[in-house]
Amino acid sequence: MILFHGSDHIIQKPQLALGRPNNDYGRGFYCTLDYALAQEWACKNSTDGFVNIYDLSLEGLAHLNQLDGNHTVLSWIALLLKNRKFSLTNEIALNSREYIISHFCEDTSGYDILTGYRADDSYFAFAESFVENGLPLRQLSHALYFGHLGSQTVLISKKAFEAIRFIEAKRVDRNIYFPLFKKRDNEARKAYQLELKRASKFKNDLFVMDIIRKEIDNNDSNAYFSIQLLRF
């Protein structure tokens, strides 16, 4: 697997210990299969950057792929709620967080790499609105798709870090790719606002309080819950 990592500096030897524990999927090294996306991320602070290119040997590695069609958007939300810091203040949101984590969060401890959606800061509004009962499940899925969220592959074990090899780093021009990064961010915010407007029109959709009241879990066959993660 060829992986790309956008950064403001060259990283020849990724290290697990340097990863932040409160990232989307916890401590790890976050990469993408999309070279163009890595170019945008290399310049996200409006500085020139680098796309670090790696070769990852998958032999003997356990891979959890949330985008393989067998996982729902709630699996993604559950991992975010477990690892990222949310500003949840009301009782509904706090109860929702506890329920979603306990019923939908997958155990990643036995895996070496993980592939799933990435959560830019601008996308946090989607997750927070859903947990606060302001955005239904259907609209959450639509928002992620139309906001062009993209995917990421994360190395989360020592074994995975031993299997990755640095190939080269290519310089990225901020004058080209920072505007593209901002455009993607703006599209996400517009998609969020659009889905909020639509949400009030779908009275029969599934909100987080419905999920809790009906005691829905990963094994539920409810028609609304069959919405799976949209793949790009």
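What follows is a chat about the sheet, a helix packed on it, a pocket and another helix.

Me: What kind of model is this, and how are residues numbered?
Reply: This is a predicted model: local features need pLDDT of at least 70, side-chain atom pairs count only at pLDDT 80 or more, and totals for chains, interfaces and linings use all residues. Residues are numbered from 1 along each chain as its sequence is written, and side-chain values use heavy atoms, with hydrogens and water left out.

Me: In what order do the strands of the open sheet run?
Reply: The order is β1-β3-β7, with antiparallel pairing. Strands are DSSP runs of E, at least two residues, and helices are runs of H or I, at least four, numbered from the N terminus. Two strands pair if DSSP finds at least two bridges between them.

Me: Which are the edge strands?
Reply: β1 and β7 (164-172), each of which pairs on one side only. Neighbouring strands are turned by 25° against each other on average, direction ignored.

Me: How many bridges join β1 and β3?
Reply: There are 6 between β1 and β3 (residues 49-56). L3 has Y54 of β3 as its bridge partner.

Me: What does α1 lie across?
Reply: α1 lies across β1, β3 and β7, at about 20° to β1. Axes are lines fitted to C-alpha atoms, for helices over the stretch in contact, and angles run from 0 to 180 degrees between N-to-C directions.

Me: E40 is in that helix. Buried or exposed?
Reply: E40 has 7% relative accessibility, so it counts as buried. Buried means under 20% relative accessible area, exposed over 50%, partly exposed in between (1.4 Å probe, protein chains only).

Me: What is E40 in contact with?
Reply: Leaving aside neighbours within four places in sequence, E40 is in contact (heavy atoms within 4.5 Å) with Y177, L180, F181 and R184.

Me: New topic. What is the volume of the largest pocket?
Reply: About 1,200 Å³, the space filled by probe spheres set on grid points joined across faces, edges and corners. On a 1 Å grid over the protein atoms alone, a pocket is an open set of points where a 1.4 Å probe fits, with protein on both sides within 12 Å along at least five of seven lines; lining residues have an atom within 4 Å of a point.

Me: Which lining residues are closest to its centre?
Reply: R20, N23, Y30, W41 and K44, of 42 in the lining.

Me: And α4, why is it largely enclosed?
Reply: Because 6 of the 8 residues of α4 (residues 124-131) are buried, among them F124, F126 and F130.
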